[in-house]
Amino acid sequence: MLSRASASPLARVTQDPLVEMARLDPVMATSFVKSAMLMGGLSSGLVAVVSGALLAACWSSWALCERPLRWWLLVNCLLQLVQVSPWVVRLLMRVSLVRSRNR
């Protein structure tokens, strides 16, 4: 039985497409990771804003629900907002690090 360490180089190349893309074209890989992180951060921010707006509009009417819907949405909204800032900071740090290395 072959272990991962003794696998052929071709098998190692095709196992992770992102690593292969980074090996072939580091600039394109950096751009891809940057855009993926940006979309993740933006989508988290968008979910938080939409949830917050919905909560603000319907807070009193949702008090009649038997289950704690509004509290669950409030916690979800806050968790989404907490996640947005690390995504953006991490994105900006990695982009500046890659740019400084390429110069």
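Let's start with a side chain: Arg23 is exposed, at 53% relative accessibility (over 50% is exposed, under 20% buried and anything in between partly exposed, using a 1.4 Å probe and protein chains only). Glu20, by contrast, is buried, with a relative accessible area of 17%. The side chains of Glu20 and Arg23 form a salt bridge, 2.8 Å from N to O; the term requires a side-chain nitrogen of Lys or Arg within 4 Å of a carboxyl oxygen of Asp or Glu. Glu20 and Arg23 sit 3 residues apart in helix H2, so about one helical turn separates them. A search of the whole structure finds 1 salt bridge.

## About the model

This is a predicted model, in which local features need pLDDT of at least 70 and side-chain atom pairs count only at pLDDT 80 or more, while totals for chains, interfaces and linings use all residues. Residues are numbered from 1 along each chain as its sequence is written, and side-chain values use heavy atoms, leaving out hydrogens and water.

## Overall layout

The chain has 4 helices and 0 strands, and from the N terminus its elements run α-α-α-α. Helices (H or I, at least four residues) and strands (E, at least two) are DSSP runs, numbered from the N terminus.

Of the 103 residues, 19% count as buried. Among contacts in the chain with a separation of 6 or more, 48% come from residues 24 or more positions apart; a contact means heavy atoms within 4.5 Å.

## Where H2 meets H3

The axes of helix H2 (residues 17–24) and helix H3 (residues 26–58) come within 5 Å and cross at roughly 135°. H2 is therefore oblique to H3; under 35 degrees is roughly parallel, over 145 roughly antiparallel, 65 to 115 roughly perpendicular, and the rest oblique. Axes are lines fitted to C-alpha atoms, for helices over the stretch in contact, with angles from 0 to 180 degrees between N-to-C directions.

On the H2 side, the contact is made by Leu18, Met21, Ala22, Arg23 and Leu24, and on the H3 side by Pro26, Met28, Ala29, Phe32 and Val33.

A search of the whole structure finds 1 aromatic pair. Trp59 lies in the loop between H3 and helix H4 (69–102), and Trp71 in helix H4, 12 residues apart. Trp59 is partly exposed at 30% relative accessible area, and Trp71 is partly exposed at 45%.

Note on methods
Phe/Tyr/Trp six-rings, centres within 6.5 Å; stacked < 30°, edge-to-face > 60°.
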